[in-house]
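Reader: I have a sequence and a structure to look at. Please take me through some of its features.

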Amino acid sequence: MDFFLKENNNFTPFTLQHAIVALFCICFGFALIVITKKQTNKVQSIIGNVFAFSICFTVLLGTFVHIYKGNFNIQEDLPLHLCSFLALIIPVLSVTKKFVYYEIFFFLILAGTLQSLITPDEHNYLNFPFFRYWFVHAGLVIFMFYATFIYEMRPTLKSVGKSFLGMQAYMLFMFILNYFLGSNYFYTNRKPDVATALDLFGDWPQYIFVVEILVIPYFMLIYLPFYLTRKKN
């Protein structure tokens with residue numbers, strides 16, 4: 001248990017180590033979708049729910065681990081960063097299968113969470129924080145592909161706007177919360193302490209405005225394959 005919970009900062013991004021972890025996540029997601037595609041709708045729904053609730057439970061477990069270890073910090077350890085927050089509410093999509101949730105979650109996860117896999121800000125390795133980070137972040141991305149290919153949902157051009165508005169509502173909530181807690185959820189007050197894509201966009205608050213400007217074109221780029229496929233059909 002101590003080995004599983006103690007700090008182990010031996011993970012180095014952009015190395016073979018990183019590539020192997022990413023490849024494993026890709027293979028897992030591909031296998032899950034291919035195998036589930038052959039199942040009945042009822043089984044597909046059960047698998048989707050189990051997967052979504054597992055992601056949610058892992059985030060909650062991470063919070064309880066901080067409390068158990070006695071190092072819980074309300075300014076850092078609440079599950080309120082975008083990926084953790086999305087993980088908490090992803091079961092809403094799996095249970096209801098409402099398209100509006102898919103629309104909002106799709107672009108936020110493909111644009112934000114996927115970036116967290118490419119430029120991870122977690123350097124723990126083979127301990128609980130490591131498995132939590134990769135299962136939650138990769139799991140969210142995989143689940144959106146699961147909803148796309150198993151639930152047969154597809155984003156539309158309007159989905160880009162809905163996801164952008166959802167992001168604005170979340171950001172406003174984080175600004176208010178961070179003001180009262182003195183926290184930095186969603187990095188509205190400063191950039192992460194490790195290297196991320198935000199380093200390309202200048203210091204605070206410049207990087208916030210740059211992200212706001214770039215997010216719609218980024219969402220549109222993600223939507224492009226769906227647009228081209230729809231146009232071809």
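Reader: Does Lys97 count as buried, exposed or partly exposed?

Author: This is a predicted model, in which local features need pLDDT of at least 70 and side-chain atom pairs count only at pLDDT 80 or more, while totals for chains, interfaces and linings use all residues. Residues are numbered from 1 along each chain as its sequence is written, and side-chain values use heavy atoms, with hydrogens and water left out. Buried means under 20% relative accessible area, exposed over 50% and partly exposed in between, with a 1.4 Å probe and protein chains only. Lys97 has 29% relative accessibility, so Lys97 counts as partly exposed.

Reader: Where is Leu126, and what is its phi?

Author: Leu126 lies in the loop between α5 and α6 (128-149); helices are DSSP runs of H or I with at least four residues, numbered from the N terminus. Most residues other than glycine have a negative phi. Leu126 is not a glycine, yet its phi is positive, about 55°.

Reader: Which peptide bond is cis, with omega near 0°?

Author: Most peptide bonds are trans. Pro205 sits in the loop between α7 and α8. The cis bond runs from Trp204 to Pro205.

Reader: Is Asn184 buried or exposed?

Author: Asn184 is in the loop between α7 and α8. The side chain of Asn184 reaches the backbone oxygen of Arg190 at 2.9 Å. With 8% relative accessibility, Asn184 counts as buried.

Reader: How are α7 and α8 oriented to each other?

Author: Axes are lines fitted to C-alpha atoms, for helices over the stretch in contact, and angles run from 0 to 180 degrees between N-to-C directions. The axes of α7 (residues 157-181) and α8 (residues 206-232) come within 10 Å and cross at roughly 150°. Angles under 35 degrees count as roughly parallel, over 145 as roughly antiparallel, 65 to 115 as roughly perpendicular and the rest as oblique. The two helices α7 and α8 are therefore roughly antiparallel.

Reader: How is α5 oriented to α8?

Author: The axes of α5 (residues 99-118) and α8 are 10 Å apart, at an angle of about 110°. That makes α5, relative to α8, roughly perpendicular.

Reader: Which residues of α8 meet α5?

Author: Contact means heavy atoms within 4.5 Å. On the α5 side, the residues are Phe106, Phe107, Leu108, Leu110, Ala111 and Gln115. On the α8 side, they are Tyr218, Phe219, Ile222, Tyr223 and Phe226.

Key: Polar contact = N/O pair within 3.5 Å; in protein donor to acceptor, adjacent residues only side chain to side chain.
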